[in-house]
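I opened my notebook today to look through a new structure, one topic at a time. Come along and check each entry against the picture.

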Amino acid sequence: VTLASCSTLDAEIKSQIGDKTKQEQAKLVGEVAAKRAISKNIEAVVFDRGGYLYTGRVAQVAEGARAAGLKF
């Protein structure tokens, strides 16, 4: 069951990404996803990187989520 989700295709984010790099977009996705989770009283999560290395955009999503207050 998916409790909260976010992507660069969401209308809320699409208007904000403009000329940002892919890593900046990933960080924004992390921040918005964290805000959506926190609004549903979810404060701690497990970050599953799906086999991808913890660098680049994957790390930026995690960093954005942590900056917005999500714990993992």
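Predicted model: local features only at pLDDT ≥ 70, side-chain atom pairs only at ≥ 80, totals over all residues.

**Entry 1: the overall fold**

I started with the secondary structure and found three helices and zero strands in the protein. Reading from the N terminus, I wrote the order down as α-α-α. I then looked up the radius of gyration, which is 12 Å and close to the 11 Å that the globule rule gives for 72 residues, so the protein is as compact as a globular protein of that length. I also noted the box that the C-alpha atoms fill, roughly 30 × 25 × 25 Å along the principal axes.

**Entry 2**

Two packed helices are described by the angle between their axes and the distance between the axes. I looked up both values for helix 2, residues 22-39, and helix 3, residues 56-67: the angle is about 35°, and the axes are 7 Å apart. The crossing of helix 2 with helix 3 is right-handed. On the helix 2 side, I found Lys-22, Gln-23, Ala-26, Lys-27, Gly-30, Glu-31 and Ala-34 in the contact. Helix 3 brings Gly-56, Arg-57, Gln-60, Val-61, Glu-63, Gly-64 and Ala-65. Sorting the residues of this contact by class, I got four nonpolar, five polar and five charged.

**Entry 3: the largest pocket**

How much space lies in the largest pocket? I wrote down about 360 Å³. The pocket is lined by 21 residues, and the closest to its centre are Ala-4, Ala-33, Ala-37, Val-45 and Leu-70. Which helix gives the largest share of the lining? It is helix 2, with five residues. Helix 3, like helix 2, supplies at least two residues of the lining. By class, I noted 17 nonpolar, three polar and one charged in the lining.

Notes
Residues numbered from 1 in each chain as written. Heavy atoms only, no water. Axes fitted to C-alpha atoms, helices over the stretch in contact; angles between N-to-C directions. Helix = DSSP H or I, 4+ residues; strand = E, 2+ residues; numbered from the N terminus. Left-handed = near helix turned anticlockwise from the far one by under 90°. Contact = heavy atoms within 4.5 Å. Nonpolar A, V, L, I, M, F, W, Y, C, P; charged D, E, K, R; others polar. 1 Å grid on protein atoms, 1.4 Å probe; cavity = no way out; pocket = protein on both sides within 12 Å on 5 of 7 lines; lining within 4 Å. Points joined across faces, edges and corners; volume = space filled by probe spheres on them. Rg over C-alpha atoms; globule rule 2.2 N^0.38 Å.
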